[in-house]
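Please look through the structure below before reading on.

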Amino acid sequence: MSRLRPDVTCCTTENGMVLLEERTGRYGKLNATGATVLQALLDGFTPGQIADQLTRTRPVTHDRATADVDSPLEQLTRADLVAAP
């Protein structure tokens, strides 16, 4: 994933992040971990780098961290909220 589609806006909240697809009015929510993952992806980090960072900063195994990265990325892709690189 390189970026969100141009018609998708994201806003950080107290509990994570909200994404709004302006064209259709659809919105979705990410929990705090999902928001951290999305922000890191938008900042240019790879999924592997993000999983490594989660493992260093949270009490999770590398497998759990990898799943925590893959899940929001899959959801964003499935919802067609990301633009092709």
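## Overall fold

The protein chain has three helices and five strands, where helices (H or I, at least four residues) and strands (E, at least two) are DSSP runs numbered from the N terminus. Read from the N terminus on, the elements follow the order β-β-β-β-α-α-α-β. This is a predicted model, in which local features need pLDDT of at least 70 and side-chain atom pairs count only at pLDDT 80 or more, while totals for chains, interfaces and linings use all residues. Residues are numbered from 1 along each chain as its sequence is written, and side-chain values use heavy atoms, with hydrogens and water left out.

## Size and surface

The C-alpha atoms of the protein chain fill a box of roughly 40 × 30 × 20 Å, taken along the principal axes. The radius of gyration, taken over C-alpha atoms, is compared with a globule rule of 2.2 Å times the number of residues to the power 0.38; for 85 residues a compact globule would have a value near 12 Å, and the 13 Å of the protein chain agrees with this.

The accessible surface of the protein chain comes to about 5400 Å², of which 54% belongs to carbon and sulfur atoms; such areas come from the Shrake-Rupley method with a 1.4 Å probe, and for residues only the protein chains shown count as cover. Of the 85 residues, 33% count as buried, where buried means under 20% relative accessible area, exposed over 50%, and partly exposed in between (1.4 Å probe, protein chains only). Among contacts (heavy atoms within 4.5 Å) between residues at least 6 apart in sequence, 38% join residues at least 24 apart.

## The largest pocket

Rolling a probe the size of a water molecule over the atoms shows where empty space is left. Here a pocket is an open set of points, on a 1 Å grid over the protein atoms alone, where a 1.4 Å probe fits, with protein on both sides within 12 Å along at least five of seven lines, and lining residues have an atom within 4 Å of a point. The largest pocket has a volume of about 160 Å³, a volume being the space filled by probe spheres set on the points, which are joined across faces, edges and corners.

Its lining includes Leu 19, Tyr 27, Gln 75 and Leu 81. The elements that give two or more residues to this lining are strand E3 (16–21), strand E4 (26–31) and helix H3 (62–78), and the largest share, five residues, comes from E4. By class, the lining has seven nonpolar, two polar and three charged residues; Ala, Val, Leu, Ile, Met, Phe, Trp, Tyr, Cys and Pro count as nonpolar, Asp, Glu, Lys and Arg as charged, and the others, Gly among them, as polar.

Leu 4, in strand E1 (residues 3–4), counts as buried because its relative accessibility is 10%. Leaving out residues up to four places away in sequence, Leu 4 touches several residues, including Cys 10, Leu 19 and Leu 81. Thr 9, in strand E2 (residues 8–13), counts as partly exposed because its relative accessibility is 35%.

Val 69 lies in helix H3 and is buried, at 1% relative accessibility. Val 69 and Thr 33 are 36 residues apart in sequence, yet their C-alpha atoms are 8.4 Å apart in space. Asp 80 lies in the loop between H3 and strand E5 (82–83), and has a positive phi of about 60° although it is not a glycine. With a relative accessible area of 43%, Asp 80 is partly exposed.
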